[in-house]
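Subject: Structure handover and findings

Dear colleague,

Please find the structure below, together with my notes on it. I would be glad if you could read the notes with the model open beside you.

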Amino acid sequence: MPAQLALGEGDWKGMKKSSVSRRAEPAIKQPPPPDSTLYDDIEAAWLEQRPDLDLAAACTLLRLERVNQLHEMRLQEISKAVGLQTGELYVLLALRRSGKPYELRPTDLFRALLVTSGAMTKRVARLQEGGFVLRVSASDDGRSELVRLTAKGLATADRGIAEVARVVACTIEASGLTKAEIAMLDRCLRKLLAVRTVNTPKKSGRLTAAD
């Protein structure tokens, strides 16, 4: 006799409800490992798998990349708080730090922010629509345009950079880094930024899977 037929109707219904209830229980999500542990594990794994390679500095750069990602996330929150996208806030900050009258050529902007001219055109258009910037003719060339902060743009830039300073200060305090350590980190990053291209020994022949 099938097992379900040996049960009373009430028992069978109860079993079905219990089964459904168990299936409906959400899976318990494990919290992601701390960033420090994650990158320690990556470094340890490569040390075990390829002890012939020195990958300590490569893992340090992975940590640096993650630090930058976290910083970008904080900047996104700041930008959202002032009603902008992060790229748009960058434009306002670039204009603000240029000094009075807080204006720059579009070419100066996209070169300073390391984006394409097309991307900068879109950002400026959105900012102009929101009343944060306006386009004015360059005094030395009537055919050229400048992007200038409006009063609203100036106030937003000041609010944004003040919040950036506050968040960075809180981050540094939470990290426990000293001023001397920050200065050393800055010197190290300047050295890395000075490396634009890397010359590696050329291997003769084509690289194949067997290589």
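The notes below cover the fold, the pockets and the salt bridges.

This is a predicted model, in which local features need pLDDT of at least 70 and side-chain atom pairs count only at pLDDT 80 or more, whereas totals for chains, interfaces and linings use all residues. Residues are numbered from 1 along each chain as its sequence is written, and side-chain values use heavy atoms, with hydrogens and water left out.

Overall fold

The chain has 8 helices and 3 strands, where helices (H or I, at least four residues) and strands (E, at least two) are DSSP runs numbered from the N terminus. Along the sequence they follow the pattern α-α-α-α-β-α-α-β-β-α-α. Of the 211 residues, 18% count as buried, a class that means under 20% relative accessible area, with exposed meaning over 50% and partly exposed lying in between (1.4 Å probe, protein chains only). The accessible surface comes to about 16000 Å², of which 58% belongs to carbon and sulfur atoms; such areas come from the Shrake-Rupley method with a 1.4 Å probe, and for residues only the protein chains shown count as cover.

Pockets

A pocket here is an open set of points on a 1 Å grid over the protein atoms alone, with protein on both sides within 12 Å along at least five of seven lines, and its lining residues have an atom within 4 Å of a point. Grid points are joined across faces, edges and corners, and a volume is the space filled by probe spheres (1.4 Å probe) set on the points.

The largest pocket has a volume of about 770 Å³, and of the 25 residues that line this pocket, the closest to its centre are L64, V67, N68, L177 and L185. Helices α3 (56-81), α7 (151-175) and α8 (179-193) each supply at least two residues of this lining, and the largest share, 12 residues, comes from α3. By class, the lining has 18 nonpolar, 5 polar and 2 charged residues, counting Ala, Val, Leu, Ile, Met, Phe, Trp, Tyr, Cys and Pro as nonpolar, Asp, Glu, Lys and Arg as charged, and the others, Gly among them, as polar.

The second largest pocket has a volume of about 200 Å³ and is lined by N68, E72, Y90, L93, R97, L113 and L114. Here α4 (86-97) gives the most to the lining, with 3 residues.

Salt bridges

The structure holds 10 salt bridges, each being a side-chain nitrogen of Lys or Arg within 4 Å of a carboxyl oxygen of Asp or Glu. One of them joins E77 and K80 (4.0 Å, N to O), which both lie in helix α3, 3 residues apart, about one turn of the helix.

In another, the side chains of R148 and E103 meet at 2.6 Å, N to O, and this pair links distant parts of the chain, with R148 in strand β3 (residues 141-149) and E103 in strand β1 (residues 103-104), 45 residues apart. R135 and E145 also meet in a salt bridge (3.2 Å, N to O); R135 lies in strand β2 (residues 133-138) and E145 in strand β3, so the pair ties together parts that are 10 residues apart in sequence. R135 counts as partly exposed at 29% relative accessibility, and E145 is partly exposed with a relative accessible area of 38%. Finally, D40, E43 and R63 are linked in a network of salt bridges.

With best regards
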